[in-house]
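Here is a short report on packing, voids and backbone geometry. Please read it alongside the model.

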Amino acid sequence: MTTAYVLLGSNVNAEENLRRAVALLGEQVRLRGISAVFESVPVGYREQPCFLNAILSLETDLSPTRLLKTVLRPVEAALGRMRTRNKYGPRTIDLDIILYGDRRLVCGGRRIPDPDLLSLAHVAYPMADLAPDLLHPETGETMREIAARVDSGGIHARDDIRIDVHTVETKGDR
């Protein structure tokens, strides 16, 4: 089994879609933990609502490609995700593999470890919240160290929103 870290993001009915995504993922993979929920301003295209983001840790025996194609993308589709030319536009849910164990690879056209972890607050802060002492496979820095040097860009924890992976409704054999 490999521990993977998946970024969840939404700015369309965000709180409900984050909860629904966690529940749907819990039907298919073993959920281990989730960060606090963070609110951040949009990146790239600013004329849209703020995003809610969290990092989910899960255990899987699926390859990164199979995890992406048979679990993450179908959950996005179930929650109404429509990919458009504007990759920074509003979305019901976005699920991206940030880390997959300590492996370095390309999956679905994206590098893992996701380079955004080293530069974007909406990735670094939730990772540091969930796994502060985890080492980055390429830089050797802890997630806490990475978050400390990344510009916060106005990100803040939403203490009023709690998601617990152990209490979301799931039906899967975990």
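## Basis

This is a predicted model, in which local features need pLDDT of at least 70 and side-chain atom pairs count only at pLDDT 80 or more, while totals for chains, interfaces and linings use all residues. Residues are numbered from 1 along each chain as its sequence is written, and side-chain values use heavy atoms, with hydrogens and water left out.

Helices (H or I, at least four residues) and strands (E, at least two) are DSSP runs, numbered from the N terminus. Buried means under 20% relative accessible area, exposed over 50%, and partly exposed in between (1.4 Å probe, protein chains only). Contact means heavy atoms within 4.5 Å.

## Strands 1 and 5

Strand 1 covers residues 2–10 and runs antiparallel to strand 5, with six bridges joining them. Two strands pair if DSSP finds at least two bridges between them. Leu8 has Leu95 of strand 5 as its bridge partner. Strand 5 spans residues 94–100. Seven of its seven residues are buried.

Val6 sits in strand 1. It counts as buried because its relative accessible area is 0%. Beyond residues up to four places away in sequence, Val6 touches Ala54, Ile55, Leu56, Leu58, Leu72, Leu95, Asp96 and Ile97. Val6 and Met127 are 121 residues apart in sequence, yet their C-alpha atoms are 9.4 Å apart in space.

## Nonpolar cores

A nonpolar core is a set of buried Ala, Val, Leu, Ile, Met, Phe, Trp, Tyr and Cys residues joined through side-chain atoms within 4.5 Å. The largest has 32 residues, and Leu25 and Leu72 touch the most other members. At least two residues of this core come from each of strand 1, helix 1 (14–26), strand 2 (30–34), strand 4 (51–60), helix 2 (64–78), strand 5 and strand 6 (105–107).

What does Leu25 contact, leaving aside its neighbours within four places in sequence? The partners are Leu31, Leu56, Val71, Leu72, Val75 and Leu95. Another core, of 19 residues, lies apart from the largest one. Its members include Leu7, Val123, Ala128 and Val150.

Helix 3 is largely enclosed by the rest of the structure, because seven of its 10 residues are buried. Those residues are Ala121, His122, Val123, Ala124, Pro126, Met127 and Ala128. They pack against strand 1, strand 3 (38–40), strand 4, strand 5 and helix 4 (143–149).

Ile155 belongs to the loop between helix 4 and strand 8 (156–157). Is it buried or exposed? Ile155 counts as buried, at 11% relative accessibility. Leaving aside neighbours within four places in sequence, Ile155 is in contact with Phe38, Glu39, Ser40, Ala121, His122 and Tyr125.

## Cavity and pocket

The search uses a 1 Å grid over the protein atoms alone: a cavity is a set of points where a 1.4 Å probe fits but cannot get out, and a pocket is an open set with protein on both sides within 12 Å along at least five of seven lines. Lining residues have an atom within 4 Å of a point. Grid points are joined across faces, edges and corners, and a volume is the space filled by probe spheres set on the points. For classes, Ala, Val, Leu, Ile, Met, Phe, Trp, Tyr, Cys and Pro count as nonpolar, Asp, Glu, Lys and Arg as charged, and the others, Gly among them, as polar.

The whole structure holds one cavity of 30 Å³ or more. The largest cavity contains about 40 Å³ of space. Its lining is Leu68, Arg73, Leu95, Asp96, Ile97, Cys107, Arg110 and Ile112. Strand 5 gives the largest share, three residues. By class, this lining has five nonpolar, no polar and three charged residues. The second largest pocket has a volume of about 190 Å³. It is lined by 14 residues, with Val43, Leu120, Ala121, Ser152 and Gly153 nearest its centre. Seven of the lining residues are nonpolar, five polar and two charged.

## Backbone details

A cis peptide bond joins Ile112 and Pro113, with omega about 0 degrees. Pro113 lies in the loop between strand 7 (110–112) and helix 3 (121–130).

Asn13 is in the loop between strand 1 and helix 1. Its phi is positive, about 50 degrees, although Asn13 is not a glycine. Asn13 is partly exposed, with a relative accessible area of 49%.
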